[in-house]
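Welcome! Open your viewer, get your selection tool ready, and follow along stop by stop.

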Amino acid sequence: MPDPSPPSVPAVPPTPPVPLSALLAREDLALRQIAGPTDPGIVIHWAHTSEMADPYPYLLGGELLLTAGVHIPEAAGSETYFDDYVSRIVAAGGAALGFGLAPVHDTVPRALVAACDHHGLPLLEVPPQTTFSGVARAVWQLMAQARLAELRRVAEAQQSLTAAASRPAPVPAVLRQLAQRVAGRAVLYGPDGTEIAAAGREPGTEVRGALADLARVVRPAGAAARPPHPGGPVPPAGSAPPVRPQPAARRAPADRPGSGQDRRPPATGGSAAPPATTGRPAPSSATDTVAGSHLAAYALGAGQGFVLGVASPQRDPGDHTIASVAAVLLSLLTGEHQSGAGAARSSALVRLLLGAAPEAVAPLLGAERWLVVHARPDAGTPISSRTPMGGGDPQDAVAASALGAALGSALVDLADGVVRVLVPADREPDPQPGWTLGVSAAVAPDDWPAADTQAARALARARATRTALVRHGGRPALADLVTHQEAEAHARTLLAPIGATPALTETLRTWLSLHGSWDRTAVALSVHRNTVRQRIARCATLLNADLDDPDVRMELWFALRQTGEG
């Protein structure tokens, strides 16, 4: 079974290969193919000149071998010599053979043409005016052009992926951009192996199952229980994914001079057993080829269990780099972004559950003062869950975590369609595309509940005024001129007629804060505008007050603020 980890010694250079057709298209070289296959997919990795009768020991694979036929003996009239010569080139992995005319041979030997046709090796005729060094220079020029095009493609992809990561719903946006760049399918798997989000062309059942298998290979052992197997039955516990036949690759014979093993890896890195059964750490990436599709899987983050899967119809130069950039971005959006932060948060949670005060565990979280941020998604942002994180649609939790990462905190909670983020006070939140935010004042840990209320009210105001971000105000007010006890006593007396009906109190508070706007109050409270009118009329009756009088409104607002309702 092939090992998914990359070989220690690459079989070919890191430069992109050159299509043989591109070399033949160079008019200055005047090369002509006279034998062998004409597949446009044939590529060469370098050019090498040799006049050895057996060039096998000196080839690494992928070469255009150039020869003037100096090595051909005068008695090589039979086909045996050329058949042996070509078969050794093919066994060494040579990509093509170039035969130079003059000064040794005026024509290409017919037996050599027949041998190349028989063994499927492209044979090029090199005219007398074309030097071998000129052919080698052309190969390197084409490689440089291909390398520049690859770098440009990777740079453009990196820019587009980074831009996608800053859009609303960044995880689906990154997956869509990656799928577009590789002309295939991109899938984000959760720690339990389920598809959290996907983009691009839907593959067949066999490819889906193979990609899920490959994700198991790179997922850290113990990250989650056995994942479901898309398109098929769940494999037995501890079993390895099914082994698929790998495409045949040219192999060196066992008697290769000076080499006890083949120096070229298999064409693909097929699936392997899960790391837990092999006793080895999971690789960070793995590749496979199934049903004509090229598959790759990348582990995200530091052992969090998220995996990026990519399926494409072909594997172009730069695809691995582009997918790696996407994997880094997705790691930032889904995983930890502070070393040791997860352990500190776990410790803080345990201490809170065991009765410790918030201010006692706050130092574990790395800040003394905090902001509470409430956020609701705008239209198009995929948050629909009305259950806490850990339940409901996994994509909702990923989007919520991505928002937390953008705000600089991993302390995120999702419930009732609202994302709450606890942010250190030194990280001032900015408006986030696709979200409406309400931000509390900076508070010490013992005031977190009050800050939560402030953030909720700021969010309601932001939604009502269609503002991207609203901060809780902290300016000095009239209340500062009166003692708290006196102001609170006056407020409770004034609001006593409606104090037992929270719906009336909340409606009055919201209506006053929005300057008597029926529509915006209805939006903030998620009720019909007629309901708002009825409640305000009820308040006016019970309070025996003219709510159109600005003095009355000011006094009521002052009272609501003192009772904690403003």
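**Stop 1: two helices side by side**

Start by selecting α4 and α8: α4 passes α8 in a right-handed crossing. (A crossing is right-handed if the near helix is turned clockwise from the far one by less than a right angle, and left-handed if anticlockwise.) Before going on, note that this is a predicted model, in which local features need pLDDT of at least 70, side-chain atom pairs count only at pLDDT 80 or more, and totals for chains, interfaces and linings use all residues. Residues are numbered from 1 along each chain as its sequence is written, and side-chain values use heavy atoms, with hydrogens and water left out.

Helices (H or I, at least four residues) and strands (E, at least two) are DSSP runs, numbered from the N terminus. The axis of α4 comes within 9 Å of the axis of helix α8 (residues 319-334), and the two cross at roughly 20°. Axes here are lines fitted to C-alpha atoms, for helices over the stretch in contact, and angles run from 0 to 180 degrees between N-to-C directions. That makes α4 roughly parallel to α8. (Angles under 35 degrees count as roughly parallel, over 145 as roughly antiparallel, 65 to 115 as roughly perpendicular and the rest as oblique.)

Now show side chains. On the α4 side the contact includes Arg 153, Val 154 and Leu 161, and on the α8 side Asp 319, Ile 322 and Leu 333 are among the residues. Contact means heavy atoms within 4.5 Å. By class, the contact of α4 with α8 has 9 nonpolar, 3 polar and 2 charged residues. (Ala, Val, Leu, Ile, Met, Phe, Trp, Tyr, Cys and Pro count as nonpolar, Asp, Glu, Lys and Arg as charged, and the others, Gly among them, as polar.)

**Stop 2**

Two strands pair if DSSP finds at least two bridges between them.

Zoom in on β5 (residues 63-67) and β6 (residues 96-100), which pair in the parallel sense over 4 bridges. Here Leu 64 has Ala 96 in β6 as its bridge partner.

**Stop 2: a hairpin**

Select β10 (residues 285-290) next. Of its 6 residues, 5 are buried (buried means under 20% relative accessible area, exposed over 50%, partly exposed in between, with a 1.4 Å probe and protein chains only). An antiparallel partner, β11 (residues 293-299), is joined to β10 by 6 bridges. Look for Ser 285 opposite Tyr 298. The hairpin has 2 residues between its strands, and Ala 291 in the turn has a positive phi of about 50°.

**Stop 3: a last pair of helices**

Finish with α14 (residues 502-513) and α15 (residues 518-525), whose axes come within 9 Å and cross at roughly 130°. They are therefore oblique to each other. Where they meet, pick out Trp 511 in α14 and Trp 518 in α15, both among the contact residues.
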